[in-house]
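Thank you all for coming.

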Amino acid sequence: MARSVVVTGSTSGIGLGIARAFAAEGANVIINGFGKAEEIEAARAELDSLSTGRVLYHGADMTKPDQIADLIATAAREFGTVDVLVNNAGIQHVSKIEDFPVEKWDQLIAILLSSAFHTMRNTIPLMKKAGKGRIINVASAHGLVASPFKSAYVAAKHGVLGLTKTAALELAETGITVNAICPGYVLTPLVERQIPDTARERGISEEAVKTDVMLRLQATKEFVSIEEVAATALFLASDAARQITGTHISIDGGWTAQ
Ligand code: NAD
């Protein structure tokens, strides 16, 4: 039977790439996220045509616990259970701590950290009933190390790694694994959008943000690709990864080796 996969924040970037990779394997997938209705429908239809299963869209806002509960309930109703949960939705805000808007702090923590708690608390009972499951949290190199002007993001991503380890221990004897992926810089809309703000905060050009800030610590001097992150998610969801739990896989071109 086709696996049932939920990927939060999958109308764009890394999440869409992960959803596409699971669809190409024949999974039933729920994509989620914001965007123009016609673009979301085009993405859903493309993934649906790749899969021998079904691809649906759910518009849950990851800051709203009741909508997150409905996302997971929809997967259970439509596909019977959730075999693979990928917590991926994210936004960024670049600013000094003393200037950081309080509502932005709250929004980043809600989307990047609390939403993973809410998807997990709704999904774990389904996975326990099935006696198996894979939870994959898209964290970041910023879950392991910091950069200035990204306080909420770095704090939330470090929190995601703590949540990953705690859940893995709680679920260790249930057949459910919980892991994180820690990508370095991937050129997605999220990264493109922060280039002007980073240029302003550091007083440098936008081109210099790419070469001197983003790729400075990425030892390979290359951006990570969406497909590389998606392949790592497929691996963590595979039988071969059965004994991998409570840890992270870095895919950061050597950034955190330094
Ligand atoms: P992106 O902007 O391309 O995609 C983000 C997705 O999250 C979109 O589908 C968006 O609609 C969705 N989203 C935003 N707010 C939401 C909300 N309130 N509710 C539901 N969905 C919401 O960004 P991306 O670069 O693909 O980022 C995906 C994940 O990867 C994030 O968690 C990000 O922190 C992480 N990440 C990205 C990079 C990178 O360099 N791009 C590096 C490491 C980690």
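Let me begin at the ligand, where a polar side-chain atom of Arg-193 lies 3.0 Å from an oxygen atom of the ligand, and where an N or O atom in the side chain of Thr-188 is 2.4 Å from a ligand oxygen. A nitrogen atom of the ligand, in turn, is 2.8 Å from a polar backbone atom of Met-62. A polar contact here is a pair of N or O atoms within 3.5 Å; within protein, one must be able to donate a hydrogen and the other to accept it, and residues adjacent in sequence count only if both atoms are side-chain atoms. Taken alone, the ligand exposes 830 Å², and the protein buries 96% of that, with accessible areas coming from the Shrake-Rupley method with a 1.4 Å probe and, for residues, only the protein chains shown counting as cover.

Before going further, please keep in mind that this is a predicted model, in which local features need pLDDT of at least 70 and side-chain atom pairs count only at pLDDT 80 or more, while totals for chains, interfaces and linings use all residues. Residues are numbered from 1 along each chain as its sequence is written, and side-chain values use heavy atoms, with hydrogens and water left out.

There are 32 residues around the ligand, and those that come nearest are Ser-12, Asn-88, Tyr-153, Val-186 and Thr-188, where a residue is near if one of its heavy atoms lies within 4 Å of the molecule.

Now to the aromatic rings. The structure holds 1 aromatic pair. Why is the pair of Tyr-185 and Trp-255 called stacked? The ring centres of Tyr-185 and Trp-255 are 5.4 Å apart and their planes are at 5°, so the pair is stacked, given that rings of Phe, Tyr and Trp (its six-membered ring) pair if their centres lie within 6.5 Å, and that planes under 30 degrees apart count as stacked, over 60 as edge-to-face and the rest as tilted. This pair links distant parts of the chain, because Tyr-185 sits in the loop between β6 (176–183) and α6 (189–202) and Trp-255 in the segment after β7 (248–251), 70 residues apart.Tyr-185 counts as buried at 8% relative accessibility, and Trp-255 counts as buried at 6%; buried means under 20% relative accessible area, exposed over 50%, and partly exposed in between (1.4 Å probe, protein chains only).

Of the 28 residues in the largest nonpolar core, Ile-18, Phe-22, Val-29, Val-86 and Ile-136 touch the most other members. Such a core is a set of buried Ala, Val, Leu, Ile, Met, Phe, Trp, Tyr and Cys residues joined through side-chain atoms within 4.5 Å. With 7 residues, α1 gives the most to this core; helices (H or I, at least four residues) and strands (E, at least two) are DSSP runs, numbered from the N terminus.

The side chains of Asn-87 and Asn-137 are joined by a polar contact of 2.8 Å. Leaving aside neighbours within four places in sequence, Asn-87 is in contact with residues including Thr-8, Ser-115 and Met-120, contact meaning heavy atoms within 4.5 Å.
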